[in-house]
Amino acid sequence: MQKFINVILPIPLEKLFTYRISESDAEVLQPGIRVAVPFGKSKIYTALVYEVHTNPPVIYEAKDIHKILDEQPVVNPKQLRHWQWISDYYMCTLGEVFRSAMPSAFLLESETLIIRNERANINENDLKDDEFLVFEALQYQSMLKVHEVSAIVDRKNVLPILNRLLEKNVILLKDEIYERYKPKYIRYVQLGAAYRSEDKLEELLESLTRAPKQGQVVLSLFQLQATDKKPIKISDLENASGTSKAVIKALINKEILEEYHIQTDRVTYEGSGGSFDLKSLNEHQQKALDDVLQSFDNDKVTLLHGVTSSGKTEVYVKLIEDCINTGKQALYLLPEIALTTQLISRLQDYFGEKVSVYHSKYSVHERVEVWNNVLAKRAKAQIVIGARSALFLPYSNLGLIIVDEEHEGSFKQFDPAPRYHARDAAIVLSNLHRSSVLLGSATPSIESYNNSQTGKYGYAHINKRYGNVLMPDIELVDIKEQTRKRRMKGHFSERLMEEISETLDNGEQVILFQNRRGFAPIVECTTCGHSPQCPNCDVSLTYHQYKKQLRCHYCSHHVALPESCEACGSATLDTKGFGTEQVEQELKTLFPQAKVGRMDLDTTRGKYGYEKIINAFEQQELDVLVGTQMLTKGLDFRNVNLVGIMNADSLLNFPDYRAHERSFQLLTQVSGRAGRTKKRGKVIIQSYNPYHQILKQVSNNDYEEMFKEQLYEREQFLYPPINRIIKITFKHKDYNRLNEASEWFAKSLRNVFGSGILGPEYPPIARIRNQYLKNVMVKVPLRQSLPQTKNSIKRIHRSFNAISQFKSVRVIYNVDHI
């Protein structure tokens, strides 16, 4: 009987696609195995088998698969169920989840190769210049790739040229599939089999007296073997003998030495391996741990609410230890890659090589190795630390998920789809694995805290810092008053200057927080008021001094800083506002003897960018660290005594219903970096409105008051956690068409739901990358069925797509928009 498979393709298709398979293939194939399949006219994709069945497709004729890529499944059934939930809940397709979840090395794509048509008679005079360049290149090379053709003719779009060459029968196209993951092999060396007996060895050493360098290599090999029982790398032998690769190669060619390869992981742990004992918990941590374990016994998600520097990580470590002792896997999710660098070394001290790391700064090959280790349940992947993408690894026996800093917005993915929230997706994953979940934070999100108050979540609290260190002393400085009295030096108030001087004199460190990178957000002509704008977005260009250029932070458009105003020609250009670069420069002027570092997106580009800065600051090579919100996330610096917040108002005045909650969280978190060991730390918050309610609550560390106030406001205006929110964004390059389309969609939504529809409205930045944006907000009451609401929206979307002029308008869904 003819067998078929349904597959997930890594493209946004609403339905699964069906392919035909032979009887022999049907015995091998099972859900979770990758297959290469033809799709469309000439493309070959990597697809994932979803199910094997015997029902032929009705609408189209099933094609045969191209080839099978795996012997065993690389994705397990629990993962597939989790992906299905993400796809349904966040209103995206399974293909988008598949593409986002798998390391890109697993998604082979066909590459089009261009080959010369040997049979055709070609008149070179008929070819245009660019066509002749390609034809000539094919005289010397058997085949070309598309990007190579692009380089030859010096054009990005080479399809018109290739189409003309195809019409003239000059070339043929061939689709080749290629594997992108290559295992890493290391070259090792040993003595040749013929020389392992004592007699032969003596003969060998005598014969090598005429070649002293080769003799030296053989003697070095014996020395290395005597001291270390491990296999010997060629590179180690080269260093020990003080000779070159050529000498070793000559010995290999003579078969005196044998070369062999061993496959190794790209990321390996070099330490002594879990030699540190776990710290003993104090009474507050122990009580919190007991409360957490009691909630786990009741199968509840648990919120651990511990003030900054209360030692939450020690509680996590204890739970991880219990989990891996039962032979299960543990997942530790963090919002920022910057945090992983500090935490990895701490966990490796405790657990040695059982710790694996998974995030986007790792190369594709490194991520594939972690994936394979988790899939094979190897000991080195029993504990996984990672940012949100670590959720998608193929866990088969997950016992514990820890979501640290659970309030963080970075856990929500914005682009591309799936726009999932890692905290919520982790809770669903734990249900599939019947595992425990712990959410940890010093400033929990309103939703999580509300769930713990209503009994939906378990709750544990640590309200004392570790070692009974006092919470930092927070002082609010009115910079409006300081500016009026002319007491400001640049962007530094008198109080902040005094405190920085005192801290530096005491040999302690300072953190300064300014939530904007670059030098200044606006460059303005003081004569005519013109400021350079981005040609692709509705936003002014930010001045970056270290590159002497103006940059757009949305589309990366950049131009050199003009010498004079482009509008009136005056040379009177001035900057407005300030970013981290300007704070850094002012500091160097005010405190020339202090070593100043900066930590923002510009300085942490490379794979080890975060690590270098964090290590330099930890080892006190830097006195002052200026940074954006990267600094606020749970980093632990022992010698920081002062934290300065340059301007708290930009956070408070943001047009968003979460602005006050976020400000409280951010300011409390950044304050928590001060005075973490013995001495009480100091925090100075500069603001034009120091009497603001949120700033008072931060200075009193009054989370309860903030929670009550925010919950009351959200009840009044029907925002989460009272309601759910689905944000629908429309994108199009034509302003008028976007307006018509969004109005039509909003009107249809009002016809179906009546109330609870806000918009369509332009966001603060209404054009990005030459695409105009408009948002519609759907508020869904908790009593209303969410699946039915989504189905109604999908029905409206289908009608919307049936209108020809709206077809090109892109519709983006963001469920639980934050």
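The largest cavity holds about 40 Å³ of space. This is a predicted model: local features need pLDDT of at least 70, side-chain atom pairs count only at pLDDT 80 or more, and totals for chains, interfaces and linings use all residues. Residues are numbered from 1 along each chain as its sequence is written, and side-chain values use heavy atoms, without hydrogens and water.

A search of the whole structure finds one cavity of 30 Å³ or more. A cavity is a set of points, on a 1 Å grid over the protein atoms alone, where a 1.4 Å probe fits but cannot get out; lining residues have an atom within 4 Å of a point. Volume is the space filled by probe spheres set on the points, which are joined across faces, edges and corners. The lining is Val523, His530, Pro532, Pro562, Ser564, Cys565, Glu566 and Leu573.

The protein chain has 26 helices and 35 strands. These are DSSP runs, numbered from the N terminus: helices are H or I of at least four residues, strands E of at least two. The C-alpha trace spans about 85 × 75 × 70 Å along its principal axes.

Helix α4 (residues 129-140) packs on helix α6 (residues 159-167) at about 75°, with axes 10 Å apart. The two are therefore roughly perpendicular (65 to 115 degrees). Axes are lines fitted to C-alpha atoms over the stretch in contact, and angles run from 0 to 180 degrees between N-to-C directions. Contact means heavy atoms within 4.5 Å.

| Helix | Contact residues |
|---|---|
| α4 | Asp130, Glu131, Val134 |
| α6 | Ile161, Arg164, Leu165 |

How values were computed:
1 Å grid on protein atoms, 1.4 Å probe; cavity = no way out; pocket = protein on both sides within 12 Å on 5 of 7 lines; lining within 4 Å. Parallel < 35°, antiparallel > 145°, perpendicular 65-115°, else oblique.
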